[in-house]
Amino acid sequence: MKGTVFAVALNHRSQLDAWREAFEQAPYKTPPKTAVWFIKPHNTVIGGGEPIPLPQGETVYSGAT
């Protein structure tokens with residue numbers, strides 16, 4: 001798994017608050033009780049200074065500044 005980034009989401013109250021409405025819908029119907037771990041495989045990571053492609057027509061939330 002060389003080049004894979006391991007990360008945690010929802011480790012800050014503001015992230016949970018931003019996603020609360022989505023978590024109250026199916027299939028979840030309740031927010032997670034703990035932080036959520038996820039991975040970014042090497043083919044989804046971009047280099048330093050490269051533009052970040054964002055999905056058109058969707059709201060993107062960032063946990064980093």
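Entry 1, terms. I take helices (H or I, at least four residues) and strands (E, at least two) as DSSP runs, numbered from the N terminus. This is a predicted model, so local features need pLDDT of at least 70 and side-chain atom pairs count only at pLDDT 80 or more, while totals for chains, interfaces and linings use all residues. Residues are numbered from 1 along each chain as its sequence is written, and side-chain values use heavy atoms, without hydrogens and water.

On a 1 Å grid over the protein atoms alone, a pocket is an open set of points where a 1.4 Å probe fits, with protein on both sides within 12 Å along at least five of seven lines; lining residues have an atom within 4 Å of a point. I found 25 residues lining the largest pocket, with F38, K40, V60, Y61 and S62 nearest its centre. At least two lining residues come from each of β1 (5-9), α1 (13-23) and β2 (36-40). The most come from α1, which gives five.

I checked pLDDT, the predictor's confidence in each residue, from 0 to 100. The protein chain averages 83, and 94% of the residues score at least 70. Among its elements, β1 has the lowest mean pLDDT (84) and β2 the highest (87).
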